Amino acid sequence: MAKTRPHDTSAPLNRHPDRDPEYEFYYYADLVAKGIVRNRTDLHRKIHNEGFPRPEKSSNSMQAAAPFRKSKVHAWCDRRAAQQTSIEAAE
C-alpha cells in the first residue's frame, strides 16, 4: 500500500504577502542554485576566511535546518562586489 501525505507539501516557502524581508532565508541548496557557493567546502571556507554570514539555527539539534538570512547574504555579496570594484579601480 502506497503511503500518501494528508496535505499538499508543494506550498511555496517564504512567499507570504505580508512577509518582512528581514525574515526571509536561503538554505544551502538555494546558495548553490544561485551560484553563491559551489559546495559545502566552499561555504565553510567563505564563512571562516571571507566573512560570509553564519547560518541561524533555531535549535541545537543536528537535524535542525540551518538557514542563512537573505539580508545578510545580500550585504556580504554587495561588500564583496565593492571590494572587487575598488581593486580594479586601483589597478
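Reader: Buried means under 20% relative accessible area, exposed over 50%, partly exposed in between (1.4 Å probe, protein chains only). Which residues are buried in helix 3?

Author: Some ground rules. This is a predicted model: local features need pLDDT of at least 70, side-chain atom pairs count only at pLDDT 80 or more, and totals for chains, interfaces and linings use all residues. Residues are numbered from 1 along each chain as its sequence is written, and side-chain values use heavy atoms, with hydrogens and water left out. Helices (H or I, at least four residues) and strands (E, at least two) are DSSP runs, numbered from the N terminus. In helix 3, Lys70, Val73 and Trp76 are buried. They cover an arc of only 130° around the axis, which puts them on the same side of helix 3. The arc is that of the directions from the helix axis to the C-beta atoms.

Reader: What is exposed on the other side of helix 3?

Author: Asp78, Ala89 and Ala90.

Reader: And what covers the buried residues of helix 3?

Author: Strand 1 (25-26), helix 1 (28-33), helix 2 (40-49) and strand 2 (68-69) are included in the cover. Contact means heavy atoms within 4.5 Å.

Reader: Switching to helix 2. Which residues are buried there?

Author: Asp42, Leu43, Lys46 and Ile47. Their arc around the axis is only 135°, which puts them on the same side of helix 2. The face turned away from that buried side carries exposed Arg45, His48 and Asn49.

Reader: How many residues are in the largest nonpolar core?

Author: Ten by name: Tyr26, Leu31, Ile36, Val37, Leu43, Ile47, Phe52, Phe68, Val73 and Trp76. Helix 2 and helix 3 are the elements that give two or more residues to this core. A nonpolar core is a set of buried Ala, Val, Leu, Ile, Met, Phe, Trp, Tyr and Cys residues joined through side-chain atoms within 4.5 Å.

Reader: What does Ile47 touch?

Author: Phe52, Pro53, Arg54, Pro55 and Phe68, leaving out residues up to four places away in sequence.

Reader: Confidence check. Which element has the lowest mean pLDDT, and which the highest?

Author: pLDDT is the predictor's confidence in each residue, from 0 to 100. Helix 3 has the lowest mean (89) and helix 2 the highest (97) among the elements. For the protein, the mean is 83, and 79% of its residues reach 70 or more.
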